[in-house]
Amino acid sequence: MAGLLYGSGLRLMECVRLRVKDLDFGCAQITVRDAKGGRDRITMLPLNLAETLRRHLVSVKAQHEQDLEDGFGTVHLPLALVRKSPNAAREWSWQYVFASLSHII
């Protein structure tokens, strides 16, 4: 997380709320949703962190798949999206990049 904060100019809560679908490795970009002022913005994905971030996502995806098997694995989504696509909260692309290792019930 510290590397992304420093290398891409993300604010702390922007980094915490980063979702898998917001990373674009092909264009080396990060889409920051609901940034300061309530607007979306695009920032750079540091090339020296790309491979490390890919490896991190592999482990997070394995954790997500295990969580789904255990009956967890959902994330908070905007209410309108929940109505439009009820299963989106379980999809990989909507998962947080820096997910918690523990479950809060």
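Mentor: Contact means that heavy atoms lie within 4.5 Å. Leaving aside neighbours within four places in sequence, Ser8 is in contact with Gly3, Ile30, Thr43, Met44 and Pro46. This is a predicted model, in which local features need pLDDT of at least 70 and side-chain atom pairs count only at pLDDT 80 or more, while totals for chains, interfaces and linings use all residues. Residues are numbered from 1 along each chain as its sequence is written, and side-chain values use heavy atoms, with hydrogens and water left out.

Trainee: In which element does Ser8 lie, and is Ser8 buried or exposed?

Mentor: Two definitions are required. Helices (H or I, at least four residues) and strands (E, at least two) are DSSP runs, numbered from the N terminus. Buried means under 20% relative accessible area, exposed over 50%, and partly exposed in between, with a 1.4 Å probe and protein chains only. Ser8 belongs to helix α1, residues 2-8, and counts as buried because its relative accessible area is 5%.

Trainee: How many helices and strands does the protein chain have, and in what pattern do they follow one another?

Mentor: The protein chain has 4 helices and 3 strands. Along the sequence the pattern reads α-α-β-β-β-α-α.

Trainee: How does one judge the overall dimensions?

Mentor: The radius of gyration is taken over C-alpha atoms, and the globule rule is 2.2 Å times the number of residues to the power 0.38. For 105 residues a compact globule would have a radius near 13 Å, and the 14 Å of the protein chain agrees with this. The C-alpha trace spans about 35 × 30 × 25 Å along its principal axes. Of the 105 residues, 32% count as buried. Among contacts between residues at least 6 apart in sequence, 49% join residues at least 24 apart.

Trainee: Which residues of α3 are buried, and against what do they pack?

Mentor: An α-helix has 3.6 residues a turn, so residues three or four places apart point the same way. In α3, the buried residues are Ala50, Leu53, Leu57, Val60, Gln63, His64 and Asp67. They pack against α1 and β1 (23-24). As for length, the expected span of a helix is 1.5 Å times one less than its number of residues. The 23 residues of α3 (residues 47-69) should therefore span 33 Å, and the end C-alpha atoms, 34 Å apart, agree.

Trainee: How should a positive phi be read?

Mentor: Most residues other than glycine have a negative phi. Gly71, which follows α3, has a positive phi near 90°. Ala28 is not a glycine, yet its phi is positive, near 55°. Ala28 lies in the loop between β1 and β2 (29-32) and counts as buried at 18% relative accessibility. Asp34, likewise not a glycine, has a positive phi of about 50°. Asp34 lies in the loop between β2 and β3 (41-44) and is exposed, with a relative accessible area of 51%.

Trainee: What does Ala35 touch?

Mentor: Not counting residues up to four places away in sequence, Ala35 touches Glu14 and Arg41. Ala35 lies in the loop between β2 and β3 and is buried, with a relative accessible area of 8%.
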